[in-house]
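Hi,

Here is the structure for your files. Please look through it first; my notes follow below.

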There are 4 protein chains.
Amino acid sequence: MVSDIASDDLGPWLSEHDLDQVRRKVPMLYVDIVPVRLADGGVLDSVGLVLRGRPEGTITRELVSGRVLHQETVRQAIARHVEKDLGPLALPQIPVSPAPFTIGEYFPTPGDHFVDRRQHAVSLAYVVPVAGDCSPANDTLEVTWLTPREIVTPEILGDMSEGHAEIARRALAHLGQLP
Amino acid sequence: MVSDIASDDLGPWLSEHDLDQVRRKVPMLYVDIVPVRLADGGVLDSVGLVLRGRPEGTITRELVSGRVLHQETVRQAIARHVEKDLGPLALPQIPVSPAPFTIGEYFPTPGDHFVDRRQHAVSLAYVVPVAGDCSPANDTLEVTWLTPREIVTPEILGDMSEGHAEIARRALAHLGQLP
Amino acid sequence: MVSDIASDDLGPWLSEHDLDQVRRKVPMLYVDIVPVRLADGGVLDSVGLVLRGRPEGTITRELVSGRVLHQETVRQAIARHVEKDLGPLALPQIPVSPAPFTIGEYFPTPGDHFVDRRQHAVSLAYVVPVAGDCSPANDTLEVTWLTPREIVTPEILGDMSEGHAEIARRALAHLGQLP
Amino acid sequence: MVSDIASDDLGPWLSEHDLDQVRRKVPMLYVDIVPVRLADGGVLDSVGLVLRGRPEGTITRELVSGRVLHQETVRQAIARHVEKDLGPLALPQIPVSPAPFTIGEYFPTPGDHFVDRRQHAVSLAYVVPVAGDCSPANDTLEVTWLTPREIVTPEILGDMSEGHAEIARRALAHLGQLP
């Protein structure tokens, strides 16, 4: 029996091949971040969604999301993914409490849960206010800021994966701003 | 380069060797469960700790804790670990909300976080009231029920790992019962 | 200047006149309770709504809700209102943690907040699983159990006050079950 | 029977006499605010306590705390009390979510709950990061910033009321920083 993960690769970054193997063994830990802009007095103004182009010409809208790496704290993962998607000048308020407001459970096969074709993943979800300029480094991305009322339209929710759409709506409810 | 994880072993249970390899690649997802007994009116009566004997003759006290397996929901993992440690008649109230009251971050090397020599693990922590009989199937275990005031004594906290002691105290605070 | 509240009436129950006066002075503290039935494994099955007939022939659907009285704990208020609306055999799981999952802010005049023509009220909102028989003592009431999908229809939400409809939807989101 | 509250005084501020009367009728709604300073990455640095001199020469340490007024939102009450105790340049992050991390229940007579000789009060407790300068307008006050380890010493906790000491420790637990 030949094994598929290189034992001498101890860094947090995995090769495509090794990542593919690990994904078949254990649930992967993610963070799902709902970036928000606040009006005066801490009231929610708008929610940021990341726009990505698909090769086939369609677009998708996504939360800021990604893996927690080996030896990385959840806070470091949040900061890293916010910087990756919103740029280095976003001035995020990293959550003071480690408790997520909800979790997302993604399974490779459809059912009662969110679907992620690649893997079984569990995400810790946080609302992260950003006060600075958001300018994604990667030019294939754009960040759009939408009001709660705009977010919950079928058009916008339809541009998101079922999981992200649900996490976004749970965030609005958590903030007392579900239209 | 020879890989170390068998690609054809797709079940949730990993061989010792494969588990060891995966642990060096990604954070492992755990649940930390604080079992509680309630008095009338839903007020906390006592917290259950699992007693384990060590080969060297010492004992340790632990929360109900364990991995979330591949393709297993967090609720299923909670139910499985409660049954494993408290027996099939414990009548646990599995949490209605998926949001943990806190998370634990365990790292293999000492620092600002909890320590787990084996791995980087992140636990979702839940309080689980149990109403039935707790009789561990495995006879090397015993469950003891301690009041909040007993839990926070140096003797009891000293029998627990730093991580579990801290999760237990956060649970008491979350329940408004930190002595 | 003649005062309007009797100083010698120190019990928790206020006369209509005194209650009316107090309501013009301070925010009134309420509990808003979302009764739920659970399926196996702790998954949400249905939400209970209290049906009330109006003199003009219309009906309204309500959460279990009411004032916290002077010298009464929040837990006692929850237990009292559950018994009042769901009967003495409902077997409610009074929340173990005192923290509400959300709060409702009701103001006498329309605006960005919920409206309660009678008063400024702030409610602490809790999800309360009930395992027993629900049979309201007061025969003008009925309790109906609706699935999450039934709750969020315009018909059902339209039978509820804006505040209760919103608290119910926030509860579904908190439980990870917002359709 | 002569009443004691003037019906024509509809403003949020009550005379001493009217406040005294209302306090004997209904629970009073408060906010208990735990001001914190954050280090890089959102990690808790220190907690702010307000120092007050007592006529008899002793000092007490307090959280930022006070009543929610009639027709005032909870957020407005938080902002008002932070400005009152920490000054107009504190730059507080008013909570985005309306849900308190815990509640405090204060009763006029000793028992299982916190004691407030004046009244039955229920407080909504929030952690509020402040980024600016804290300089109390009222010169009888001073704000001291203490690390989690300093807060939980018997000396500091002994300078606080039992209720505030407990809310402060629950806040540390909620933030994952209970020493």
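Two residues are in contact if their C-beta atoms, placed from the backbone, lie within 7 Å. This is a predicted model: local features need pLDDT of at least 70, side-chain atom pairs count only at pLDDT 80 or more, and totals for chains, interfaces and linings use all residues. Residues are numbered from 1 along each chain as its sequence is written, while chains are lettered from A and ligands numbered from 1 in the order written.

**Helix pair, chains B and D**

B:Arg169, B:Arg170, B:Ala173 and B:His174 in α5(B) meet D:Arg169, D:Arg170, D:Ala173 and D:His174 in α5(D). By class, that contact has 2 nonpolar, 2 polar and 4 charged residues (Ala, Val, Leu, Ile, Met, Phe, Trp, Tyr, Cys and Pro count as nonpolar; Asp, Glu, Lys and Arg as charged; the others, Gly among them, as polar).

**Burial of α5(B)**

A residue is buried if 20 or more other C-beta atoms lie within 10 Å of its own, exposed if 12 or fewer, and partly exposed in between. In α5(B), 11 of the 13 residues are buried, so the helix is largely enclosed by the rest of the structure. Among them are B:Gly163, B:Glu166 and B:Leu172. Just after α5(B), B:Gly176 takes a positive phi of about 70 degrees.

**C:Ile103**

C:Ile103 is buried, with 21 other C-beta atoms within 10 Å. Leaving out residues up to four places away in sequence, C:Ile103 touches C:Val122, C:Ser123, C:Leu124 and C:Ala125, plus D:Val74, D:Pro98, D:Ala99 and D:Leu124. C:Ile103 and C:Thr147 are 44 residues apart in sequence and 23 Å apart in space, C-alpha to C-alpha.

Best wishes

Definitions and conventions: Helix = DSSP H or I, 4+ residues; strand = E, 2+ residues; numbered from the N terminus.
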